Amino acid sequence: TVLVVDFGAQYAQLIARRVRECHVYSEIVPSTMPVEEMMAKNPKAIILSGGPSSVYAEGAPPVPHGLFSTGVPTFGICYGFQAMAQALGGTVARTGTAEYGGTSLDVLDEGVIFAGLPASQQVWMSHGDSVAAAPEGFTVTASTRETPVAAFEHPGRGLYGVQFHPEVLHSEHGQAVLRHFLEAAGCRPSWTMLNIVEESVEAVRRQVGDGRAICALSGGVDSAVAAALVQRAIGDRLTCVFVDHGLLRKGEAEQVERDFVAATGVKLRVVDAAERFLKALSGVTDPEEKRKIIGREFIRVFEDEQRAIMADGPVDFLVQGTLYPDVVESGGGTGTANIKSHHNVGGLPEDLQFTLVEPLRTLFKDEVRRVGEELGLPAAMVWRQPFPGPGLGIRIVGEVTRERLEILREADAIAREELSRAGLDRQIWQCPVVLLADVRSVGVQGDGRTYGHPVVLRPVTSEDAMTADWSRVPYDVLSRISTRITNEVREINRVVLDVTSKPPGTIEWE
Ligand code: XMP
């Protein structure tokens, strides 16, 4: 295990991911964790993350007491670098000048960290004050124009640090820098997908024993991979429930019912609840109201299923596809996860009397996808872009009706097909297609005047959905999508492109 000590910046997760990309398991711990508790995790190496701009910044958190006397190899990044310098008797100058963005780094001494890397390289900086003098016994290995001490190391003590951010892609050789540290610390690259699968399956077996579990499938990658792992561990003692609310996109229900079951052998109960959801949504136009109704109906249907399953014997466990970022963001506690209502289909009720099984709790999204591939899940499912739990219900601006759902489903399928064909799937975070059901515009088709509806294309790029930018999809691809939708979907006579970033716009329209 490599511990990434989080000093409160958003970089800790990125660092942990980069470490795992070197096939070494990493875990994020708060900087307030006592050193004894860290040592109980038996870390092979420790990385101090970035944090406030300077060790002199207000409320700057201290390095955990006694960390440097543990003998565990440690790498300081940005704030962690300054904090290391200060704690070991170096000096951090209160220059007050900031360095931000891409900078050229000059390697003065390859040492361990820059072994075999170019003498001049682009790195990404984001700091206020700077280290003026390295602690005694350390070698200064790199500098920039603004920062004479941009990296130092003391291989004898296993201590290293850099002022820049090796974890961001703008630092050209950042991944190599991290790898050099991990190698020097003796971390072996044993965190592979096969290991993850085997360990997770084993852990589920231990937890569930000979009990039974249920799992709600949404069509998304997280619940699918979680279910597939649990199925490997306990076989038929897992029952999956798929509530088809009729708000999925074209082909998605079949993907769950047919392809997923074929790939995993999961025992599945399908509930076709489209009629029920439509009825509950009838006359409703307010987005939050729609969400509430969809969530409520989902819970009711799920509870009915749960009762039916429990008629065959007790069920103690509920499988959830909680991911590591959710665990970290909710404080990293080990108890029952708090289920974010926004990001689950309705969110299951809190008073469910189940113990949670969360086989993806230690994984990042990209790892979940690779585990899914390892388990042989359908590619369309593993690589599915984010799709909201309430589905197309919040992509029809106006009342949700069966007819409108069919129109939107067709338009959405065309957009997805053309974006895939253009090879843009992995570049685009997601591309909602939104039906403006209450808007009509005049058009002309053949010899006739039409009076149809517009759809909005909303392709975005994003890292985490918190912020997003509109995606610069090539004009010819947009043109093909527009031509096909207006030709093939009779009710739509206009296709428009959303060119708003988030903020101020959200990704979805509702
Ligand atoms: P917004 O529209 O808030 O979306 O920028 C951010 C991300 O969340 C998804 N989203 C939802 N997911 N239930 C969900 O499970 C919801 O009610 C919901 N609303 C938005 C959205 O698709 C995007 O990925």
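Two strands are taken to pair if DSSP finds at least two bridges between them, where strands (E, at least two residues) and helices (H or I, at least four) are DSSP runs numbered from the N terminus. The model is predicted: local features require pLDDT of at least 70 and side-chain atom pairs count only at pLDDT 80 or more, while totals for chains, interfaces and linings use all residues. Residue numbers start from 1 along each chain as its sequence is written.

Five strands form an open sheet in the order 14-13-12-15-16, with parallel pairing. Strand 14 (267-272) and strand 16 (355-357) are the edge strands, each pairing on one side only. Strand 13 (residues 238-244) is joined to strand 14 by six bridges in the parallel sense, and T239 stands opposite K267 of strand 14.

C78 is located in the loop between strand 4 (74-77) and helix 3 (79-87). A residue is buried if 20 or more other C-beta atoms, placed from the backbone, lie within 10 Å of its own, exposed if 12 or fewer, and partly exposed in between. C78 is buried, with 28 such atoms. H165, in the loop between strand 11 (159-162) and helix 4 (174-184), is buried with 23.
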